[in-house]
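Biologist: I'm new to this one. Could you walk me through how to read it, feature by feature?

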Amino acid sequence: MSIYGLLFDQTMCIGCGACEQACQAEHDQEPHKVTRLDDNSYNWVQDLGDDVYSRHFCMSCEDPTCVSVCPVAAFTKTELGPVIWDESKCMGCRYCMLACPFEIPKFEWYSVNPRIEKCDMCIHRLSERLPTACASICPTGATTFGLREDLLREAHRRLDEDPERYTGRIYGEYEAGGTAVLMLLSRDPAASGLPANVPQESLPYLTWNILEKLPQVIPVWGVFLGGMYWLTDRKNAVADIEGYKREHDDD
Amino acid sequence: MTKFTIPRITFWRCVTVLLAVLVAGIVVRRFSFGLGSISNLHDGMPWGLWIGFDLLCGVALAAGGFTITAIVFVFHLEKYKVLVRPTILTAFLGYLIVIGALLVDLGRPWNIWHPMIFWNPHSVMFEVGWCVMLYTTVLFLEFLPFVLERFGIHRPLRLWHRYLTPVLVLAGVLLSTMHQSSLGTLYVIAPQKLHALWSTQALPILFFVSAIPLGLAMVSVESYLSLRAFGKRLHPEILRDVGKATAVMLLFYLTIRIEDIIVRGEFGNIFAFDAASWFFLGEFVIGGLVPMFLLFRRDIRENPLALMGTQALVVLGMIFNRMNVAVTAFQLGTGADYIPSWMEFVLSIGMVAIGMILFSYCVRNLPVFEEGPVEDPRPADPIAEMTR
């Protein structure tokens, strides 16, 4: 499987914001300063102070929660890696926003025909075998583009080479069952403004565990209820007959 | 020639008109400027008061529909039959309100039917959507005989009651089982976003089991409201037994609830006496243990006023529970900042008001109660009537 991904190395980021601008240009948005992810900002370089920065954008999970929770299958995990949203299907229930462990999907709160907005990992560029806008513009190589397996190997190499530099693990290797985006952090996820309590396994199984049991539970419950219907009705019939007998015993 | 009469101006009529104007204004605003213009929802708090109250509580409060029909038609406890029709009406109207609230809450409500053609069986919301559609249909079919009877169409009714009713009741119980529980399952996918006292894999079981005492309590409260509004005779001997059943089912639910917390090792959180612990104690003790102990007492059950008060406490406790899952636990888990806007409150109150107006209209025009349509609303003295 050739899933593409991105590797972000926090120690190499200088916070120039070029990737923000490239992202906005690529998605035909008005150039603007980003202070958080919202319906008009898919990519945010957060200033953590002391010349340390973190990037926020869709992690493109291997087993995405949004794909699993969407009642109308509006989200798709593409073969190339990006997770994309289909405007024609969405009914605006916002379950994806509630469920996403990285809080990535954003909603157009002031639109009459609101869209779910999020980073699409430049799917249109990927399909032409071009790297994402953010990776191709990055002047320091803090964000690199490639096959996920290659990036993971590279991340482990950097981690082994200079363990002191990083927090000791790769954010995204196991988060939510693994993501196409990998992050080498010099500060803890919480200190980097990233969700720190993301479960280390894929989330869709949590609800699938329950849903898959319905075809077993419902027939049993139905048979039980049907049985009780028949059984208790018979009790009434017996009561009728006994009532009849009692009346006649009095004669 | 019809004579036009100006309706009497009363306090409640003024309130109703004011509410109707406000709700209409809010809906117009929502469909002109978007959800953000009427609600305090934001990206960090995608679901708020409407999902918590209108949807979770609305469906839970309709639970009397499947509970009472199951007791009467599946378990053949015929003495509860007088409760069936008002309960079916409540459940049907409850589901219509849920759909009404969804049409406002969904971002693109014109796509509400999409789960019918775009399938995703892995999604809990997909199951919820199908349950809403199918169970509303079942409730409509259970409600239809009221209308047929009203217009004197009796022949199909005999066959209807004989063959269709058992099927509808069975389908209704199965769909309710799935629907009540699936509303809890919705939150299972985000365990890290809920506070530990509410975040559990057992949510579907808890939501289903708690719906049963809630349904029973709701039936009792509704009987009391019908007495106040339409002078309906209470059936103290029946409601007494309903109270008993509520107590047992409540004990059943509270046992599962506390066991789940113990098994997950979160028992200490109950006595942390922080915000979460107070919200939990409010729901569990005041809305659960207290009414349960009261309902186990014979003197409470035999005093209709005390019985109704206790059952109302059960209803409030369950509303508290659903709101805790949807709003409090989510806020405590994620740190999201949210207080519903006044427009969110007005819309929710408006939905309840619409339900009550429809209920009252149906009661006056359809054979909902055993005596047929209600002629003269309002008894002379409801309290005297109750303690008669």
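Modeller: Happy to. Keep in mind that this is a predicted model. Let's begin with the core: the largest nonpolar core has 178 residues, and those with the most contacts inside it are Cys70(A), Cys96(A) and Leu214(B). Helix H7 of chain B, residues 203–230, gives the largest share of this core, 14 residues.

Biologist: Now the interface. How many residues of chain B are in contact with chain A?

Modeller: The general idea is that the size of an interface is often given as the accessible area lost when the parts come together. Here we have residue counts: 44 residues of chain B are in contact with 49 residues of chain A. On the chain B side, the elements giving two or more residues are helices H1 (11–33), H5 (124–150) and H6 (155–185). H6(B) supplies the largest share, seven residues. By type, that side divides into 25 nonpolar, 16 polar and three charged residues.

Biologist: And the overall build of chain B? How many helices and strands does chain B have?

Modeller: Chain B has 14 helices and zero strands. Its radius of gyration is 21 Å, close to the 21 Å that the globule rule gives for 388 residues, so chain B is as compact as a globular protein of that length. Its C-alpha atoms fill a box of roughly 60 × 55 × 45 Å along the principal axes, and 47% of the 388 residues count as buried. Of the contacts in chain B between residues at least 6 apart in sequence, 79% join residues at least 24 apart.

Biologist: Can we zoom in on one helix? Which residues of H1(B) are buried?

Modeller: Those are Val23(B), Ile26(B) and Arg30(B). Their cover includes helix H4 (84–105) and helix H13 (342–365) of chain B. H1(B) has 23 residues and reaches 33 Å from its first C-alpha to its last, close to the 33 Å expected at 1.5 Å a residue. After H1(B) comes Gly34(B), with a positive phi near 95°.

Biologist: Last one: how is chain A divided into domains?

Modeller: Chain A has domain 1 (4–202) and domain 2 (213–249). The C-alpha centres of these two domains of chain A lie 59 Å apart.

Methods: Residues numbered from 1 in each chain as written. Chains lettered and ligands numbered in written order. Predicted model: local features only at pLDDT ≥ 70, side-chain atom pairs only at ≥ 80, totals over all residues. Domains from an automatic or database assignment. Contact = placed C-beta atoms within 7 Å. Helix = DSSP H or I, 4+ residues; strand = E, 2+ residues; numbered from the N terminus. Nonpolar A, V, L, I, M, F, W, Y, C, P; charged D, E, K, R; others polar. Core = buried A, V, L, I, M, F, W, Y, C linked by C-beta atoms within 7 Å. Buried ≥ 20, exposed ≤ 12 C-beta atoms within 10 Å, placed from the backbone. Rg over C-alpha atoms; globule rule 2.2 N^0.38 Å. Expected span 1.5 Å × (residues − 1).
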